[in-house]
Every structure is written in C-alpha cells, then in structure tokens.
Amino acid sequence: MGRRKKEPRSVHRENIAAAASILFMKKGIAATSMDDIAKAAGYSKATLYVYFENKEEIVGILVLESMKKLYEYIDAALIRQDETKERYGAICGGLVRYQEEFPFYFKTVLDKINIDFEKENYLPEEKETWRIGEEINEKIRDFLMFGMEKGDLRSDLEIMPVVFNFWGMLSGIIQLAANKEEYIQQSMGLSKMQFLEYGFRMLYRSIAREREENGSI
C-alpha cells in the first residue's frame, strides 16, 4: 500500500478504469458493482472511492477514452488517402480495426451521450466527450464535402443527416458482423470480411454520384 501512495493519482485512476473496462465487457455495466471493480483492480472499496465518486464517473472516463480513440482512427484514415473512394475505404478499415481492438469502446461510442450542459451536475468528461464527438462529425462532414466537390459523391446529399446515417449504417454493419460471424459463415458462405466488404460497397453506392456495380472499395 505504501508503494501505491507514491504513485500519481492518474496511475490509480487508469488502473481502476482498466479493470472496470474488462468487467463491463464481460458482465455489462449494470451488473458490475463498485465492489467488483475494487476487487478486480486490487484496491479496497474505500480506496476506490478516493479516486472515483461512483461508477458513473468511471463509465464517463471510459466513454471519453473511447471517443478519443475513435477520433485517432478516423483522423489517421483520412490523412493517409487523397481520393474519395480510398478515403471511404480507409474509414471503413479503421473502424473495423477499432472494433476488433477495442470492442467495449466501440459499443460505448454508440451509446447515448449527454448534450445538456446547462445544468450543473454533469461530469467534465461528458462535455469533453461531446466536444470530441463533434470533431469526429466534422471530419466526416469534410470527407463528404470533399467527395461532393470532386464530383465523386452525389450533389444532393444533405450533409448532417448523411453524417448520422453514415455512422449508424457503418457501425451497424460492423457490430452485426462481429456478433454474427459464425451465422454469416454458415448461412451465406461468407467470411466476416467478405460480408463487411459487401455492406461497405452497398453504402458507398448510396452516396456515390455514379453507382458502381463491381469492384471492391
């Protein structure tokens, strides 16, 4: 315990959040108690409350981290490519890798986030999560505008509705492939990636100026 006292507060918070993340993924947030988290992290319950007021604060930290990681994946995907279709493919590929590496984070990004900051009882992490989410939306908006200006994407796209539909469809396809991989293989004879590529092509055709019937992303 003496060694712990010499470590920065941030180290303890990271240790606790990491243990909580594993439990949330295994049991779900609602079924995980602060007592469970304390045991998994190797702290007493009393010590746990020194670093976090409640479970909601831990969840807030994890959701913020998930949003930061998602931003990194999207930003990296867009920087590496110069053409619309390749940029789209890079976004899809980045999201697939993100889901595979951070399945719990992928799910939390899709959850409801607080947007009401007029009241006083919101967590600081909630506002930062909202801010980063807006930056991600802006990245996708820029991608769409870029494609429209180049004539690769339809000129009649309503940007913000498309941004949200874009997220909903992409995340839905990716989560479905992760949850139903064995069923997809058995019933369709498709691998997870074949199924994803088919879905990604369908989505791209819905926003492309000229619909492509063949070829990969």
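I started with Ser66, which sits in helix 5. I take helices as DSSP runs (H or I, at least four residues), numbered from the N terminus. Ser66 is buried, at 0% relative accessible area. Buried means under 20%, exposed over 50% and partly exposed in between, with a 1.4 Å probe and protein chains only. A polar atom of the Ser66 side chain lies 2.5 Å from the backbone oxygen of Val63.

For the record, this is a predicted model, where local features need pLDDT of at least 70, side-chain atom pairs count only at pLDDT 80 or more, and totals for chains, interfaces and linings use all residues. Residues are numbered from 1 along each chain as its sequence is written, and side-chain values use heavy atoms, with hydrogens and water left out.

Next I looked up Ser171, in helix 9. Ser171 is buried, with a relative accessible area of 8%. The Ser171 side chain has a polar atom 2.6 Å from the backbone oxygen of Trp167.

Then I followed helix 9 (residues 159–179) to helix 6 (residues 84–101): the two pack at about 45°, with axes 10 Å apart. Helix 6 is therefore oblique to helix 9. Angles under 35 degrees count as roughly parallel, over 145 as roughly antiparallel, 65 to 115 as roughly perpendicular, and the rest as oblique. Which residues of helix 6 and helix 9 make the contact? I listed Tyr88, Ile91, Cys92, Leu95, Val96 and Gln99 of helix 6, and Phe166, Trp167, Leu170, Ile174, Gln175 and Ala178 of helix 9. Contact means heavy atoms within 4.5 Å. The residues of this contact divide into 10 nonpolar, two polar and no charged.

I went back to helix 5 (residues 55–79) and checked helix 2 (residues 9–27): their axes come within 10 Å and cross at roughly 90°. That makes helix 2 roughly perpendicular to helix 5. From helix 2, I noted Arg13, Ile16, Ala17, Ala20, Ser21 and Phe24 in the contact. From helix 5, I noted Lys55, Glu57, Ile58, Val59, Ile61 and Leu62. The residues of this contact divide into eight nonpolar, one polar and three charged.

Last, I checked Glu210, in the segment after helix 11 (192–207). Is Glu210 buried or exposed? Glu210 counts as exposed, at 65% relative accessibility. Glu210 and Asp152 are 58 residues apart in sequence, yet 7.4 Å apart in space, C-alpha to C-alpha.

Conventions:
Axes are lines fitted to C-alpha atoms, for helices over the stretch in contact, and angles run from 0 to 180 degrees between N-to-C directions. Ala, Val, Leu, Ile, Met, Phe, Trp, Tyr, Cys and Pro count as nonpolar, Asp, Glu, Lys and Arg as charged, and the others, Gly among them, as polar. A polar contact is a pair of N or O atoms within 3.5 Å; within protein, one must be able to donate a hydrogen and the other to accept it, and residues adjacent in sequence count only if both atoms are side-chain atoms.
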